[in-house]
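Please open the model in your viewer and keep the selection panel at hand. The tour goes from one selection to the next and says what is found at each stop.

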Amino acid sequence: MFYRLSGVHHTRYETARQLWPIPADRWQVWILLALALGAPLYMADLYLTSYMLPWLVWSAAALSLTLLMGVAGQLHFGFAAVMAIGAYTSIHIARAGWPFEIALIGAGLTAAVIGCVFGAAALRVKGLYLVMATLAMQYLVDWVIINVPAISGGAQATLQTPDVTFLFVPMQGDTALYYGALLWAVIVTVLVLNIKRTSFGRALVAVRDKDYAASIIGVNSFKYKLLAFFTSSFLGGVSGAVLAFCYYQAVTPEQFGFNVSIQLVAMVLVGGLGSVIGAYLGAGFVLLAPIFLTNAMAYAAIQGWLTVSSNLLAHIPLMAYGALIIGFLLFEPLGLAKIYDNIRKYFLVWPFRHSGS
Amino acid sequence: MRGLFKGLIGTVAAAALTVTGTAKTDDDTIKFALLQDFTAVYTFVTDEYNQGQRDYLTLINEEGGIDGYTFQALVRDTGNEPQRGLEAYNRARREGAVLVDFLSTPVSRAAVSRVLRDEIVMITVLHGRGDASDGTTFPYVFPMMATYWSQAAVLADHIEQNEDGLEGKRIAHVYIDSPFGREPVPVMQELAERKGFEYRTFAYPSPGTEQSATWSDVRRYRPDYVMIWGAGGGQPVSVREAIRNGIAPERILSVVWMAETDARTVGTDVATGLKRFEAVATGTDYPIMERIMETVIEPGLGTGDSENVGTTYYNIGVASMAVSVEAARLALEEYGGPLTGEKLRDGFRMIEDYDAEGMMPPLTFSEEDHQGGGFGRISQWNGEAWEPVTDWYASYQDIVWEEIEKDAAGFREGR
Amino acid sequence: MDAQSAQSTATPETVLTLSSVEVVYDKVFLAIKGVSLEVGEGQMVALLGGNGAGKSTTLKSISGLLAPERGEVTRGSVHFQGEDLASLGPSQRVARGLVHVLEGRRIFGHLTPEDNLLAAFSLKGDRRRYQALRDQVYSYFPRLKERAGTKAGYLSGGEQQMLAIGRALMTEPRLLMLDEPSLGLAPLLVEEIFTIVRDINVNEGVSVLLVEQNAAAALEIAHHAYLVENGHVVMSGAAEVLRQNPDVQEFYLGGTGKVDYHNVKHYRRRKRWLA
Amino acid sequence: MAYFLELLVNGALTGLMYSLVALGIVLIYKSAGVPNLAQGAMVMLSAYFIWMFTAMAGMPIFVSIGLAVVAMFAFGLLAERLLLRKMVGQPIIMIVMLTLGLEIFLRGVGPGFLGAAPKSLDLGIPLTPIIVGDVFINRDYLIGGIVAVVLIGLSLLFFRTRIGTKLRAVSDDHVSSWSVGISVERAIGISWGLAGISAVAAGALWGSVQGVDWTLSALLFPAIAVVILGGLDSIIGVLVAGLIVGILGSVIPGYVDPIVGGGTRNVVTSLIILFTIMLRPHGIFGREDIERV
Amino acid sequence: MDSTDQTTDRATALACEQVTRRFGGLTALKEIDLSMPQGEILGLVGPNGSGKTTLVNAVTGFYPPQDGRILFEGQAINHLKPYQVATYGIARTFQNVALFKGMSVLDNILLGRHIFMRPSALASLFYWWWAQKEEVAHRQKVEEIIDLLQLESVRDEPVDVIPLGVQKRVELARALAAEPRFLILDEPMAGMNQEEKEYMVRFILDAQEALDLTILLIEHHMDVVTAICDRVVVLNNGEKIAEGTAREAIKDPAVVAAYIGKRRDAA
């Protein structure tokens, strides 16, 4: 009903290679975009600023990371450090009085260059060792930020974002900030989708799957691994800057600590490695699950359903969150994207139960 | 597939329930949002601190509230994550909270610009930005008790009085390598210059479980006094290392984060003589505490383990709420209900010489001073409990305020 | 026909019986569709067929090694010496005397050949039994003894195959299952390995179930053979009989004479590939 | 010179204390190929168990440690059976994340049920230092170091037994181990159990030094440096790398910290991990994968 | 099939001069000399571990030789990285199928055209301009190869679900997509039955004819080698022990001792 595959024939390579070859998918994307654009009109500011906005920015960050981890196959446990580099660069550029646009590009470039240093380690190792190497770099970046007052902002170690304008629009007020985040999420999404279907993305996948086989068809795996780190870190750095300016409105070292890196990886994995829709779903899950669980517990306690100590009450979400991550990996290792895919397939053949095979 | 849908619908329903359920408000309750870190970095303090806060609010409610108003604590865990803290803050604001307490430096920092905009009072008891003591720059932020700068000043003053002057003394400052650990450094350097003592810093890496290399170095410095600046698990390690390296407990002075458990971890007897800064008295021999015991704990209305009542952090929690409730009382008296953030702020600024019935130094706030004077005292571990060895006093507030001014100016420029 | 009579003569002392075994991977992919076969006491049985026909899956359904690849037996039964294996895990099956030499050898590369043998030896057996078994393995594969001290991963392909078979012998099997022992080996080594397998079969009285691409070599040493295509047994019978079958000759043995590769017909491959 | 010696000795002993945490990681990796990033949380859980038996049930400390050993061995078996067994064949990143999920879960369970505020654990080790010449030796760490050496020695002996050979075989190739009748599940379960036991040793010693709370799980980071440097599958590597990480992490900050005025030990630890991975990824004693082209 | 006398008047495609490669203490290749004229199919045979794959890895830049030179069409290529070798018009397949599992058959073959494409992340963002033109142009080339190797029916399948025989064909297609002049096939028929072998041979011969290829073939199936190779080089322990037509080589006593063994009517 919702999806009609019959009657969809592509007679030209152009149409067959478009982003969403099925018309129903295209419609869905347009509707989602319209909903996102109209959100400030119908959404209470709590939901707009506390859920939608951070969700969009974290999705963009998760997309940047999934480009590296899912598409290019390079594991990264220090991505929060990359975002931190972007956030600190942008805030220092903006405080120095430069335009916000330049601050964002500067954030991306600085993060990309330092991100490539992360990547340099990746040229020799993969898998677990890459996890450990990037983890070590996260600690190094953290240390540098904390120990260099010029970066972290002196004794208070906190920097407030100055007021900025983006393309002549002042970035103040919930609505402007929300549209800023939305714009960035859309750009990253389009970019990652396009990378995945063009030669650049194919080369990355090739290096991920079998680097020796990739090299013999002319893919310089050295170059493409670095490019993957460069691109992903660029996007991650800008995401960090957007997060700082549009959401936190301040930068402190703790915002980009080691646990944030783990959360980013969890977003990518719970969503589904390498999946664009998965990055959105995973970011939503990792971001909202602890919040939702905390609120649910508080509500249950107020209603008198749960009579346990406040200490245990506070820790139940943590347990549940850990258990949920474990559960996802055990029972749906392909992540939320796979669950979405199952639902979509269900509707593809609806009202029938199975497809032909 | 069917199971999946059921699950999805169930989840959505539950979500809707929690969202709408908590949104209803009563006009005659005043909401204090205690959105704190119960599960991450601040676990060493949060539990007892929060218990004290809630027990005090229960006490006030049991005694009939203030001016017909009762208090409600909105408690959430933020896990020390700015992300979750801001969400909880926005939600609490929606629910009508007029005061918020994060007990987490990163969350408080991230929330500063929001509380200033939303005109909601944020108390930052013994955490957060020290420069927020500047009430003109941070009208809605109340550090309320002595900042780390003031604490350092008090500790230095104590050494000075013990030793008849600081001239030529060596003071080692052993701290966790973080902005918090480094915070008192400029004040101490300034003092060292003024008073002519030798001052050297020794950092140990976070989280402080292992400090032996640092202390080998400290011992060779042969300090007359050691100031230890850490929190949680790092504190007993510091004390053990100090004692092992031949520094007498009497010569170890700690920042405010040193509680009963820490002394026990060091070893009750071994730690005897250890000194610390204290901003609020410990124990239950104060009118407020006696009333809490009588009205809240004994009828079983307490929120946690009754053994915690009277501990260091519990009492700090009680004091933080006592001051806040006092501010609310003054505000309601002056402006009448319903209470808003702005009225509450003015209420705070009206507080004069309030000492929570003897539990804490007399606090006075003004439009400029949100620290309340920077008072504290020194207490000493006697093998069983912390025993005060000085009166409440504040020192070198001129230097402290220089620091406050400097950083507050930086904040203003950043805007 | 002939095949049936050959089967019935072998039945009195059947070691292994598969009846209508169906295996599904990942709960969706049907890999074998009702395979039945029997291996008689002391017999050498060959399982032939193309790639993806389901030969390896059949062996795994017998040894219980489907689980790691998310496969399961959804229908049919496997009986070994009269016992239903359905509820037994892989290690219990080995304890019953059933051992599987995996495709691609899969020796413990970081252990020495000696430790490879020790690892396969049951914890219940004593030191003397171990030494006796080890010496027996070395007598079949003297090259392993020469290289007993080096890491097994550095052995050549042929030596690794020998080690894999030797390691299997350490479990004192009643039935030895070999999955493509000749894969990637030079003709000289294929020869050697097949000879030893036949010797083991004859000298030790171990039944052998052999999966092979090299149909000619397999049919030469096997008593009996099954032909698997597309998850079904399409033909079975005495090795002699199969060797004479014209279809088998055409598709598995390369015809009676030499194939003229330059003149393979285009139309035939089109018809078969796209079927 | 005495300063250097003191840094050296205490660093070495601290390093051995880290080895106690690292040993558990190696035991599991060696047989199951799983990098257990929940080992730090297991150390924390052990300490909570010991505290629970002493403070809540009032048992003598050494009885409590014994009970904790039993509990943690059971926990290890359970973790393997319920979680890791299902992950066989999944990409390494999934397994890493799973152990991190377990870590998060345990960080909720321990403090949640037993209280988040720090607890003290008294092993009865006096604070007075052992003084050799001008060198102060930390008694806690000395005992920890001895325990570490003993446990590492026992592990080495264990892997020389027949069960040990089977464990090594399992670490090489699971499927192939099954095929020759090794009960892979039991083998991996045993190594998880052993890792649980080593976690108790670490939990008791570290818990007595710093108190029991969730920060014990942060011991993971130096332990990772130890296993990376020593080699993820090398028990002897745990010993040697523990010494190196401990000594470098003591001596370098001992001289550099006063100059840069910061706790450089985490930097040293990070650099050890980085340089090892860039120069010799499999560590000093770790085995290099045999690749035949 | 008397190709030996043709070698003189044909240009040399590949030449190895005294190529030596050591791994640690082990010498995997000992001073190998080899010369292949254009258009030749050369069989490379020998026991396992004799150095066949190592030689291929030396030519394709994976394990560059420590001594000796490798010339392709007169240019030295022994210092090049594998991805550079590809641009010279050399393609290869692998012993164990080395397809990119995460992609469809079509994308795998499209990757074969990588050396002709200009990939960049920024271009991806602006897909609607020339990136699209590039995609479509290469798609046409790829469809020709799909036609040649009859892969139409699996075009959009993920490569890991198609049968091994077809996977090997996809790998050949990917190699051909780079429009190579020199093709190295490493055991393209390992694990195949007679029928599949025949098809594979047919496709190899078709491709050689259509694209005028020089082919280096590693294969254990001596019947195939005998049938389609112009010449054979036999390696053992890293040394060349025989060279000539297949029939001559098979009879060489050194080859019999090291490799063939006692004659059997085997495949």
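Begin by colouring chain B by its domain assignment, which gives domain 1 (2-146 + 282-349) and domain 2 (148-278 + 377-401), the bounds coming from an automatic or database assignment. This is a predicted model, in which local features need pLDDT of at least 70 and side-chain atom pairs count only at pLDDT 80 or more, while totals for chains, interfaces and linings use all residues. Residues are numbered from 1 along each chain as its sequence is written, chains are lettered from A and ligands numbered from 1 in the order in which they are written, and side-chain values use heavy atoms, with hydrogens and water left out.

Next, select the boundary, where 16 residues of domain 1 of chain B are in contact with 20 residues of domain 2 of chain B (heavy atoms within 4.5 Å). The area buried between these two domains of chain B is about 1300 Å², with 62% given by carbon and sulfur atoms; buried area is the accessible area (1.4 Å probe) that two parts lose on being put together, summed over both. Now show B:Leu126, B:Ala146 and B:Tyr313, which supply 36% of the area that domain 1 of chain B buries against domain 2 of chain B, more than any other three residues.

Finally, look for charge pairing across the interface of domain 1 and domain 2 of chain B: the rule finds zero salt bridges there, a salt bridge being a side-chain nitrogen of Lys or Arg within 4 Å of a carboxyl oxygen of Asp or Glu.
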